[in-house]
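Subject: Structure handover

Hello,

Here is the structure for you to open. Please look it over first, then read my notes below.

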Amino acid sequence: MIPTQAQIEEFVLNLKGVTQREVIRIKLLLADELAVTDSKVGGVPYIPKGSALPRSADGKPLFMLAQINCSQLPENNIYPRKGLLQIWVAANGKYAGNQYNSYSPHTQRVIYYPTLQEATNYDDFKQVYQFEGKPLPFAPTQAYRLIFTKGTDTFSYEQLRFNHSLLPLWKTYFGEQRDNFLLLPEKIAEKLKELLPTSRGHRIGGYSEVDDNAQAVGSDGLPKILLLRIDTDEKAGIRCKGNEAVNFLIEKADFDALDFSRIQHSL
């Protein structure tokens, strides 16, 4: 049986319904003047007065990839209502790779400050906070303002291909028992690509680029939370390895407990 266009459209509508997930989409804008506690990618990090820069195992400062001021987010059920979350990475190439990797305090650090205090003056640490010539997704001297938009995210075609839990839905609509979605007829595959959303873009929540069960489901059987995704963005001057994306995932129980010791990332 070859599905009609109307059948495929109805299948996609149902698919979007069962895979709907809250998302905060992010637009990055180059910015010169940002407050030290503003949400940002790159730029001057917030360091509480009396605290030190996070460092790797070899004693070198980590690079602050991003910080999220929770009070600047639209109302959501993903992040805490207040506080500031930072993601730091080693600027020595060791953080790079396309596979998902477990958290290591030697090459990355996720820090959450529930309250904000007086900040350390940038002049006090800028001499050691230098990363010129290091392999980072963007120039270390650049800073980006984050523009947030609340919405919903659903499966892309790529996520459908690698997630077999929705095969019964296919059988319900088309009466066909399949083992996977990898070898769909070309015309059907092209129509699904057209109707399903793209997986690209910067975001909090929603889906990472390819969510198979091994990567996207925690030990508790619940979907992991996409803590942050930074995508290759030629217009903004961001180039991740292989023109892919930086994804940070966390188990729901860990995030509820604000425990960032088991972050999983693909970089």
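What percentage of the 267 residues of the protein count as buried? The value is 49%. Buried means under 20% relative accessible area, exposed means over 50%, and partly exposed lies in between (1.4 Å probe, protein chains only).

This is a predicted model: local features need pLDDT of at least 70, side-chain atom pairs count only at pLDDT 80 or more, and totals for chains, interfaces and linings use all residues. Residues are numbered from 1 along each chain as its sequence is written, and side-chain values use heavy atoms, with hydrogens and water left out.

Confidence and overall make-up

pLDDT is the predictor's confidence in each residue, from 0 to 100. Its mean over the protein is 86, and 88% of the residues reach 70 or more. Take care with residues 94-102. There pLDDT stays under 50. The model has 33 contacts beyond four places in sequence for that stretch. Contact means heavy atoms within 4.5 Å.

The protein has six helices and eleven strands. Helices (H or I, at least four residues) and strands (E, at least two) are DSSP runs, numbered from the N terminus. Consider the contacts between residues at least 6 apart in sequence. Of these, 72% join residues at least 24 apart.

Start with helix H1 (residues 5-19) and helix H3 (residues 167-174). Their axes come within 10 Å and cross at roughly 150°. Axes are lines fitted to C-alpha atoms, for helices over the stretch in contact, and angles run from 0 to 180 degrees between N-to-C directions. On the H1 side, the contact includes Phe-11, Leu-15 and Val-18. On the H3 side, Leu-169, Trp-170, Tyr-173 and Phe-174 take part. By class, the contact has eight nonpolar, two polar and one charged residues. Ala, Val, Leu, Ile, Met, Phe, Trp, Tyr, Cys and Pro count as nonpolar, Asp, Glu, Lys and Arg as charged, and the others, Gly among them, as polar.

Paired strands

Now look at strand E10 (residues 245-250). Six of its six residues are buried, so E10 is largely enclosed by the rest of the structure. In a regular strand the side chains alternate between the two faces of the sheet. Ala-245, Asn-247 and Leu-249 point one way from E10, while Val-246, Phe-248 and Ile-250 point the other way. Strand E9 (residues 225-231) pairs with E10 in the antiparallel sense over six bridges. Two strands pair if DSSP finds at least two bridges between them. Arg-229 has Asn-247 of E10 as its bridge partner.

Strand E6 (residues 108-113) is mostly covered, with five of its six residues buried. E6 pairs with strand E4 (residues 84-89), also antiparallel, over six bridges. Here Val-89 has Gln-108 as its bridge partner.

Gln-142 sits in the loop between E6 and strand E7 (143-153). Its relative accessibility is 25%, so Gln-142 counts as partly exposed. Gln-142 touches Leu-30, Val-41, Gly-42, Gly-43, Ala-236 and Gly-237, not counting residues up to four places away in sequence. Leu-30 is 112 residues from Gln-142 along the chain, yet their C-alpha atoms are separated by 7.2 Å.

Leu-258 lies in the loop between helix H6 (252-256) and strand E11 (264-266). Leu-258 is not a glycine, but has a positive phi of about 55°.

Gly-50 is in the loop between strand E2 (40-42) and strand E3 (63-69). With a relative accessible area of 80%, Gly-50 is exposed.

Best wishes
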